[in-house]
Amino acid sequence: MTHNIYIYILVATAVSCLIRVLPLTLIRGKIKNPLIRSFLYYVPYVTLAVMTFPAIITAPQIPVAGILALVVGIIAAWKGVNMMGIAALCCCVVFVCEAASAYLM
């Protein structure tokens with residue numbers, strides 16, 4: 001049985017276009033349901049978290065350094081530190097953890 005790669009590409013293109021175009025054609029008015037509106041409000045934040053969280057854990061050589069940087073970043077954000085400060089603080093935490101583990105080994 002031979003497989004035609006163009007059929008697979010065509011089906012993938014059709015599905016991708018349907019996912020993007022269908023909501024635009026079906027939902028024309030303003031969404032009034034508060035449950036759906038609150039769900040749609042949080043979708044970008046959840047999507048960003050889902051894309052970012054695995055990288056936080058797997059990017060450093062030591063996963064514990066990433067977890068510790070995440071905890072420090074959450075605490076710094078809770079205290080009102082700006083984004084640049086949080087990024088610098090988390091980078092320093094990862095750097096110190098990895099330097100300490102290299103020194104201990």
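User: Where is Ile-5 found?

Analyst: In this predicted model, Ile-5 is found in helix α1, which runs over residues 5-26 and has 22 residues.

User: Is Ile-5 buried or exposed, and why?

Analyst: Ile-5 counts as exposed because its relative accessibility is 51%, and the cut-off for that class is over 50%.

User: How far apart in space are Ile-5 and Met-51?

Analyst: From C-alpha to C-alpha, Ile-5 and Met-51 are 29 Å apart in space, and in sequence they are 46 residues apart.

User: Back to α1, what length does it reach?

Analyst: Helix α1 reaches 31 Å between its first C-alpha and its last, which is close to the 32 Å expected at 1.5 Å a residue.

User: And where does α1 bend?

Analyst: The bend in α1, of about 30 degrees, is at Ile-19, and the proline Pro-23 follows within four residues.

User: Changing topic, which residues make the nonpolar surface patch?

Analyst: The patch, of about 580 Å², is made by Tyr-41, Tyr-42, Tyr-45, Val-46 and Val-50, and of these residues Val-46 lies in helix α2, residues 34-58.

User: Why does Val-46 count as partly exposed?

Analyst: Val-46 has a relative accessibility of 49%, so it counts as partly exposed, given that exposed means over 50% and buried means under 20%.

User: What about the inside, which residues make up the largest nonpolar core?

Analyst: That core has seven residues in all, namely Ala-65, Ala-69, Ala-76, Ile-86, Cys-90, Val-93 and Val-94. Helices α3 (63-79) and α4 (83-104) each supply at least two residues of this core, with the largest share, four residues, coming from α4.

User: One more, where is Pro-60?

Analyst: Pro-60 sits in the loop between α2 and α3.

User: Buried or exposed, and why?

Analyst: Pro-60 counts as buried because its relative accessibility is 12%, and the cut-off for buried is under 20%.

User: What separates Pro-60 from Leu-26?

Analyst: Their C-alpha atoms are separated by 44 Å, and along the chain Pro-60 and Leu-26 are 34 residues apart.

Terms used. Residues numbered from 1 in each chain as written. Predicted model: local features only at pLDDT ≥ 70, side-chain atom pairs only at ≥ 80, totals over all residues. Heavy atoms only, no water. Expected span 1.5 Å × (residues − 1). Bend = angle between axes of the 7 residues up to and from the residue. Patch = residues over 30% accessible without salt bridge, like charges linked within 9 Å, V, L, I, M, F, W, Y side chains within 5 Å. Areas by Shrake-Rupley, 256 points an atom, 1.4 Å probe, with all protein chains shown as cover. Salt bridge = Lys/Arg side-chain N within 4 Å of Asp/Glu carboxyl O. Buried < 20%, exposed > 50% of the residue type's maximum accessible area, 1.4 Å probe, protein only. Core = buried A, V, L, I, M, F, W, Y, C linked by side-chain atoms within 4.5 Å.
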